[in-house]
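Open the model in your viewer and keep the selection tool at hand. This tour goes from one stop to the next.

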2 protein chains.
Amino acid sequence: MHSFQELSEKINTHFNTRHFPETPATLYEPAEYILQIGGKRIRPAICLMGNELFDEIGADAYHMATAIELFHNFSLIHDDIMDKAPLRRGMETVHTKYGESTALLAGDVMLVRAYDYISKIKPDHLPKVLQLFNKVGREVCEGQQLDMDFEQKETVSLDEYVHMITLKTSVLLAASLQFGAILGGAAGDSQHHLYEFGKNLGIAFQVQDDYLDAFGDPEKFGKQVGGDIIANKKTFLMIYALETASAEQRKELKRLMQENPADKVTKVLQIFKDCKVDAWANELKEKYLQTALQHLEDTAVQSVRKKPLTELAAYLIQREK
Amino acid sequence: MHSFQELSEKINTHFNTRHFPETPATLYEPAEYILQIGGKRIRPAICLMGNELFDEIGADAYHMATAIELFHNFSLIHDDIMDKAPLRRGMETVHTKYGESTALLAGDVMLVRAYDYISKIKPDHLPKVLQLFNKVGREVCEGQQLDMDFEQKETVSLDEYVHMITLKTSVLLAASLQFGAILGGAAGDSQHHLYEFGKNLGIAFQVQDDYLDAFGDPEKFGKQVGGDIIANKKTFLMIYALETASAEQRKELKRLMQENPADKVTKVLQIFKDCKVDAWANELKEKYLQTALQHLEDTAVQSVRKKPLTELAAYLIQREK
């Protein structure tokens, strides 16, 4: 069995080679550029982990892992265009560096290339894998659209937000494990539990991400603390605060969001604390983490083989104890 | 055997139903919108024609035809964003009506949906079909990128232009026939000849399109005559004119393109006529058409079965006799 770190390194080596032809360089240089920026390669690594739960890691699992990482990068390129984001992982985004039209097209060809890796998978698993990949692709697009819709909406409920964030970020994580499991010959029941493990772990991670944006240690977090507050983002924290605040606090929150005063972050954080948003968020994260771990527990595989996945959960989710 | 018109009608009926879920409507209404604008459904119809050359039209051919039309519409949505086109078939383009971000995402989900129809194809043909579809997808992206690159280039050779236009418009037409043939059980040799028939027919059609833009009857053409000249597009005609013009004519052409005077179209057309661009374009079209028809001739199928494809060629390409 390999640890997450070991598999992540294997995948990194794998992404040190070109994935596109040389010409036209105007199209393929931007595509290679985002792949070289790196990232933690979480999704392809957990695809390999899902595979190794049931079998030795095979060539098909590598094809699948590559397709997943290409899909993820396709969605990053296009999301960055939509969000008008200037930077990604501290580097210029593709559209900033190469222009929007080329970024759009580089994203398109990245998605097609993902399907190219899928087409290499042995025919007995191909239809099932292709259908799941398409389902995830559709859901990720839906999640991004809902996220954009929410920016225009006055009120977003917690359920609506969980639904959106599940589609936008968790289903790919969940499916990555399931893809590995399918290719390892797992039964449908195990596939289901692994999918649910990944999905709930992804939601727990997102709760943590929203929490750290507000309450994280600026030195450890690596992003601007309060960035979501400045951008008026509807996060787990803001949605809960708006739901539980007193009439007066709610009025103050809305005023802060409309007027964007210089002390906005401090004042919003104070209301978050008064509403005990921090404790609530930690409990919510813990709830999703426990649900995830229960599904891992229920997966019909020897406990010892699950150790890398338990370690992954611990690596991704910091405990407050 | 069915005629092109009959199959085109069948496909039209098929596209009168929804191809996407109801929600989120903000994503799927724009996707359904472009499908309802219509179009001639040439590509899916010739996929069915390629299939009927070898067998009765089966369910897989319909899945494939649907995937092809969805792919075509995905590329139209994204091309229109890149070209900042306000209208398509006399209607607002998707990004004009719904905004660029939603159009980008509607294109993405349309491409994923195309692969969804492919995933329904029986496993024995699936790998081959998926690989060809990915190849075409990559080539269409390359063609669009080259087209954008050419706008920035001082000189484009005829060979470069033929290469670009082949990727951008002809390979999908060519592959549509091949997909039908594959699903009909055609031998590799027949697949090759049908692909080449479609490819050369597509190039002939493009030569004609460029010709009609300059020399077409405004009432029949349906588009603004001289539109390519006004937009300084590098067409078959302009590239040939620049290659064969005298030094003086070439200087005048470049001046007209730079200065955009009111009588630009008239003056460019006069140089085209002086260089005999019109006769050359008709010969070139005829050359590609004859190559196409020779490949159809060489396809190992009874002549009587090829009649719909011969009629299609005659329908698409107007003869000057």
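A crossing of two helices is left-handed if the near helix is turned anticlockwise from the far one by less than a right angle, and right-handed if clockwise. Keep that in mind for the first stop. Note too that this is a predicted model.

**Stop one: a helix pair in chain A**

Select residues 247-259 of chain A, helix α13, and then residues 264-274 of chain A, helix α14. Their axes come within 10 Å and cross at roughly 155 degrees. Angles over 145 degrees count as roughly antiparallel, so α13(A) is roughly antiparallel to α14(A). Which hand does the crossing of α13(A) and α14(A) have? It is left-handed.

Now show the side chains where the two helices meet. From α13(A), pick A:Gln249, A:Glu252, A:Leu253, A:Arg255, A:Leu256 and A:Met257. From α14(A), pick A:Lys264, A:Lys267, A:Val268, A:Ile271 and A:Asp274. These residues make the contact.

**Stop two: a loop in chain A**

Move to A:Thr299. It sits in the loop between α15 (277-298) and α16 (307-316) of chain A. Is A:Thr299 buried or exposed? Its relative accessibility is 2%, so it counts as buried. Leaving aside residues up to four places away in sequence, A:Thr299 touches A:Phe54, A:Ser190, A:His193, A:Leu194 and A:Lys306.

**Stop three: a loop in chain B**

B:Lys306 is buried, because its relative accessible area is 8% and buried means under 20%.

What does B:Lys306 touch, not counting residues up to four places away in sequence? Show B:Leu53, B:Leu296, B:Glu297, B:Thr299 and B:Val301. Zoom in on B:Leu296: its backbone oxygen lies 3.0 Å from a polar atom of the B:Lys306 side chain. Then draw a C-alpha to C-alpha distance from B:Lys306 to B:Ala204. The two are 19 Å apart in space and 102 residues apart in sequence.

**Stop four: both chains together**

Zoom out and display chains A and B. A rotation of 180 degrees, with 0.0 Å of shift along its axis, superposes chain A on chain B with an RMSD of 0.1 Å. The two copies are thus related as by a two-fold rotation axis. Which residue of chain A comes closest to that axis? Select A:Pro123, whose C-alpha is 3.3 Å from it.

Finish at the interface. Of the interface residues of chain A, 100% are also interface residues in chain B, so the copies meet through the same surface.

Terms used. Residues numbered from 1 in each chain as written. Chains lettered and ligands numbered in written order. Predicted model: local features only at pLDDT ≥ 70, side-chain atom pairs only at ≥ 80, totals over all residues. Heavy atoms only, no water. Least-squares fit on C-alpha atoms with pLDDT ≥ 70 in both. Contact = heavy atoms within 4.5 Å. Buried < 20%, exposed > 50% of the residue type's maximum accessible area, 1.4 Å probe, protein only. Polar contact = N/O pair within 3.5 Å; in protein donor to acceptor, adjacent residues only side chain to side chain. Axes fitted to C-alpha atoms, helices over the stretch in contact; angles between N-to-C directions. Helix = DSSP H or I, 4+ residues; strand = E, 2+ residues; numbered from the N terminus. Parallel < 35°, antiparallel > 145°, perpendicular 65-115°, else oblique.
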